Amino acid sequence: MRSTLFNLAFWPVLGVFAIIAWLIALTGWRSGLKAVMRAACRTVRGLMAMLLGAPIEVRGTPPTGLPVIIAAKHQSWADGFLMMAIMGDINFVIGNEIGKFPLIGRIVRTSGATMVNSPGLTGAQGGLQAAIDAAGDDPRPLLIYPEGRLPEVGESYRYRKGVHLMYETLGRTVIPVATNTGLRWPQNRWTKQPGPAIIEFLDPIPPGLPRDDFLPRLKLTIETRTRALEAEGQTATETVS
């Protein structure tokens, strides 16, 4: 019942925000567009808590306003909404597959994000190097999902070299982020589950590590903590049930 109520509210609300954002994007008014995007993301967080019964718990310290790279686990469609709801104004790298959704391509481009090639797709607006070049002069936190795709709960994919290229080129600290949001909002499925969802900002990785040290450390840090949060979340799900 909760899942149905959430879905029936989420899609119309998202549609209204998308139309408003698209209209603003047509004018090129970036600050207004980003304000609408943040409002949409905070609304989604509120709907998850009130209708789905999935309040978001934030652990650790979000690096708001700092020029860092946020390397986050990506299990759910909720992740992008929640990260912007928590962080506010952030820069982000996003796969060009998002452009297949009506209105969204123009909104994302106008917001200042850079589309890079998703696996199996072509025709991105620039590429990874363009994202790095743009981020070099942007003091906002830069969000990237190192796996480049959404694994199921309990699974992981190869951490792609792009995150190290950004880390090495920009010389920025990386903040790993673990989560168990996939337990509440499993990828793009209609059925969702009540219970708390956790997003945890972990200890920073300082700049300067070589690739063969950095990528294994990043993956071990995120995946180990994500498995622990999944186990914690499973227990919470059983309690709610």
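Is Gln187 buried or exposed, and what is its relative accessible area?

Tutor: Gln187 is buried, because its relative accessible area is 16% and buried means under 20% (exposed is over 50%, partly exposed is in between, with a 1.4 Å probe and protein chains only). First, some ground rules. This is a predicted model, where local features need pLDDT of at least 70, side-chain atom pairs count only at pLDDT 80 or more, and totals for chains, interfaces and linings use all residues. Residues are numbered from 1 along each chain as its sequence is written, and side-chain values use heavy atoms, without hydrogens and water.

Now find Gln187 in the chain. It is in the loop between strand 6 (174–179) and strand 7 (197–201). Helices (H or I, at least four residues) and strands (E, at least two) are DSSP runs, numbered from the N terminus. What does Gln187 touch? Setting aside neighbours within four places in sequence, Gln187 is in contact with Gln75, Ser76, Trp77, Leu150, Pro151 and Glu152. Contact here means heavy atoms within 4.5 Å.

Apart from residues up to four places away in sequence, Asn180 touches Gln75, Pro196, Ala197, Ile198, Leu229, Glu230 and Gly233. A polar atom of the Asn180 side chain lies 2.9 Å from the backbone oxygen of Leu229. Asn180 and Lys73 are 107 residues apart in sequence, yet 8.8 Å apart in space, C-alpha to C-alpha.

Trp77 belongs to an aromatic cluster with Phe6, Phe10, Trp11, Phe81 and Trp185. Rings of Phe, Tyr and Trp (its six-membered ring) pair if their centres lie within 6.5 Å; planes under 30 degrees apart are stacked, over 60 edge-to-face, and the rest tilted. By this rule there are eight aromatic pairs. One of them joins Phe10 and Trp11, edge-to-face, at 4.8 Å centre to centre and 75° between the planes. Phe10 counts as buried at 2% relative accessibility, whereas Trp11 is partly exposed at 42%.

Phe81, another member of the cluster, is in helix 3 and is buried. Helix 3 (residues 78–87) has nine of its ten residues buried, so the rest of the structure largely encloses it. Its buried residues include Ala78, Asp79, Leu82 and Met83. Just after helix 3, Gly88 takes a positive phi of about 80°.

Finally, step back to the whole protein. It has seven helices and seven strands. From the N terminus on, these run α-α-β-β-α-β-α-β-α-β-α-β-β-α. Of its 241 residues, 50% count as buried. Among contacts between residues at least 6 apart in sequence, 75% join residues at least 24 apart.

Note on methods. Polar contact = N/O pair within 3.5 Å; in protein donor to acceptor, adjacent residues only side chain to side chain.
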